[in-house]
Amino acid sequence: MISVIVPVYKSGKNIWRNVLNSIRSQSYSDLEIILVDDGSPDNCGKICDEMALNDQRIRVIHQKNQGSAAARNAGLAIAQGKYVAFVDSDDTIENGAYLMLHNMIEHYDTDI
């Protein structure tokens with residue numbers, strides 16, 4: 001499994017439209033998606049919770065604002081995957097990216 005950690009702060013509707021759709025539609029589906037609401041003052045936390053209701057792979061952490069490094073660390077603390085990926089809330093992931101990375105890691109027996 002790959003744990004994908006997404007720190008979320010003031011991302012609004014872009015959370016689900018862009019980054020989440022690009023992660024959820026990956027051809028490699030053995031993903032755990034961890035959304036870390038870093039005390040966002042807008043409705044990001046609510047959107048994260050709604051997305052978790054619609055996809056069992058999504059887990060949500062709510063914390064007071066501490067910055068993206070602390071949000072990534074909070075995600076790492078609960079990650080259950082063999083591998084971890086970080087994606088910012090304004091990024092998108094090309095379809096097939098995690099499948100390609102997983103296959104290369106396994107084929108070359110890499111540890112990073």
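## Close-up views of a predicted model

The exposed residues Lys46 and Leu53 sit on the face of α2 turned away from its buried side. Here, buried means under 20% relative accessible area, exposed over 50%, and partly exposed in between (1.4 Å probe, protein chains only). Please keep in mind that this is a predicted model, in which local features need pLDDT of at least 70 and side-chain atom pairs count only at pLDDT 80 or more, while totals for chains, interfaces and linings use all residues. Residues are numbered from 1 along each chain as its sequence is written, and side-chain values use heavy atoms, with hydrogens and water left out.

**View A. Helix α2 and its buried face.** Helix α2 spans residues 44–54, and its buried residues are Cys44, Gly45, Ile47, Cys48 and Met51. They fall within an arc of 160° when seen down the axis of α2, so they line one face of the helix. The arc is that of the directions from the helix axis to the C-beta atoms. The cover over these buried residues includes β1 (2–8), α1 (14–24), β2 (31–38) and β3 (58–63). Helices (H or I, at least four residues) and strands (E, at least two) are DSSP runs, numbered from the N terminus.

View B. What is the closest cysteine sulfur to that of cysteine 44? It belongs to cysteine 48 and lies 6.3 Å away, too far for a bond. A disulfide is taken as a pair of cysteine sulfur atoms within 2.5 Å, and by this rule the count comes to zero disulfides.

**View C. The buried side of α1.** Ile15, Val19, Leu20, Ser22 and Ile23 are the buried residues of α1. Down the axis of α1, these residues fall within an arc of 155°, so they line one face of the helix. They pack against β1, β2, α2 and β3, where contact means heavy atoms within 4.5 Å.

**View D. A salt-bridge network around Asp55.** Arg24, Asp55 and Arg57 are linked in a network of salt bridges, each bridge being a side-chain nitrogen of Lys or Arg within 4 Å of a carboxyl oxygen of Asp or Glu. The side chains of arginine 24 and aspartate 55 meet at 3.4 Å, N to O. Arginine 24 lies in helix α1 and aspartate 55 in the loop between α2 and β3, so this pair ties together parts that are 31 residues apart in sequence. For arginine 57 and aspartate 55, the closest N and O atoms are 3.0 Å apart. Aspartate 55 counts as buried at 9% relative accessibility, and arginine 57 is buried at 19%, whereas arginine 24 is partly exposed at 27%.

**View E. A salt bridge between Asp88 and Arg72.** The structure holds five salt bridges, and one of them joins the side chains of aspartate 88 and arginine 72 (2.5 Å, N to O). Aspartate 88 lies in the loop between β4 (83–86) and α4, and arginine 72 in helix α3 (residues 68–78), so the pair ties together parts that are 16 residues apart in sequence. Aspartate 88 is partly exposed, with a relative accessible area of 31%.

View F. Met100, Leu101, Met104 and Tyr108 make a nonpolar surface patch of about 430 Å². Patches are made of residues with over 30% relative accessible area and no salt bridge, with like charges joined within 9 Å and nonpolar side chains (Val, Leu, Ile, Met, Phe, Trp, Tyr) within 5 Å. Accessible areas come from the Shrake-Rupley method with a 1.4 Å probe; for residues, only the protein chains shown count as cover. Tyrosine 108 is found in helix α4 (residues 97–108), and at 56% relative accessibility it counts as exposed.
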